[in-house]
Amino acid sequence: MPRFALLIDYDGTPFNGWQRQAQGQPSVQQAIEEALAKLEPRPHTIAAAGRTDAGVHATGQVAHADLARDWDPFRLSEALNHHLKPAPVAILKAALVPDDFHARFSALERRYTFRLITRRAPLTHDRGRAWHIQHPLDIAAMRAGAAHLIGLHDFTTFRSTLCQSKSPVKTLDEITIDSRPTTGGTEIRFHLRARSFLHNQVRSIVGTLERVGAGSWHPDDVRTALQAKDRAACGPVCPSQGLYLTGVSYPADPFAG
């Protein structure tokens, strides 16, 4: 059975996360598997690089599917997009990959971006797609706090108590924070890069850095929280709607060319 990699873009607002739900609540995985069943009528199970939570978006999710037919990749993506309507899910590219390619286990790196908008007025166009904060934030202070998290650490403080990872030890390769003017305020973006992340790690980190930017925490308090290895030492976990899975890297880019 030929294996295809799918590059996926979706708005996570109407979904209860990526993973198919036993209770029948809508998920991105279910939407794509049902679209595949329109092309090849049988049950389908696809695997993804990251199991995003409810309300989390993606611009660069990757999944793989095993199909019976040797599809032309372009025609496969077009057919899937037709059957995915009107769900806010799009197949950006499809590619034939080797049988040993696995969207999750072959991945070398995952990249996330978190969008935060500071302005007094409520969000309109970005409602549900960014975290709205009414007070200004000190970006230099947040960068100083983020520096304590780069590298190999025990991230117990910054993971959900429901996290199923065998170890809290992860290497965080990058956190960059940039800003740009937006209508009525400022948009701040947090970019994080690592081989893999713990459950709620990104949202826990951003929520903690927001406290630094607001002046409630000193940048060095982030190091203290990390060293505590205690979930109770974490700052607030920020809402899901600002988080985007933006890319996944593999030893060979399945979508190159």
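## Basis

This is a predicted model, in which local features need pLDDT of at least 70 and side-chain atom pairs count only at pLDDT 80 or more, while totals for chains, interfaces and linings use all residues. Residues are numbered from 1 along each chain as its sequence is written, and side-chain values use heavy atoms, with hydrogens and water left out.

Helices (H or I, at least four residues) and strands (E, at least two) are DSSP runs, numbered from the N terminus.

## Strand β5

Of the 10 residues in β5 (residues 109-118), 9 are buried; buried means under 20% relative accessible area with a 1.4 Å probe, protein chains only.

Two strands pair if DSSP finds at least two bridges between them. β5 pairs with β9 in the antiparallel sense over 9 bridges, and with β10 (residues 243-249), also antiparallel, over 6 bridges. In β10, R111 has G247 as its bridge partner. With β6 (residues 131-133) the pairing of β5 is parallel, over 3 bridges; there, T118 is the bridge partner of I133.

## Helix α3

The buried residues of α3 (residues 139-146) are I139, A141, M142, G145 and A146. They lie on the same side of α3 because they cover an arc of only 160° around the axis, taken from the directions from the helix axis to the C-beta atoms.

These buried residues pack against β8 (169-182), β9 (185-194), α4 (201-213) and α5 (219-228), where contact means heavy atoms within 4.5 Å.

How values were computed:
Buried means under 20% relative accessible area, exposed over 50%, partly exposed in between (1.4 Å probe, protein chains only).
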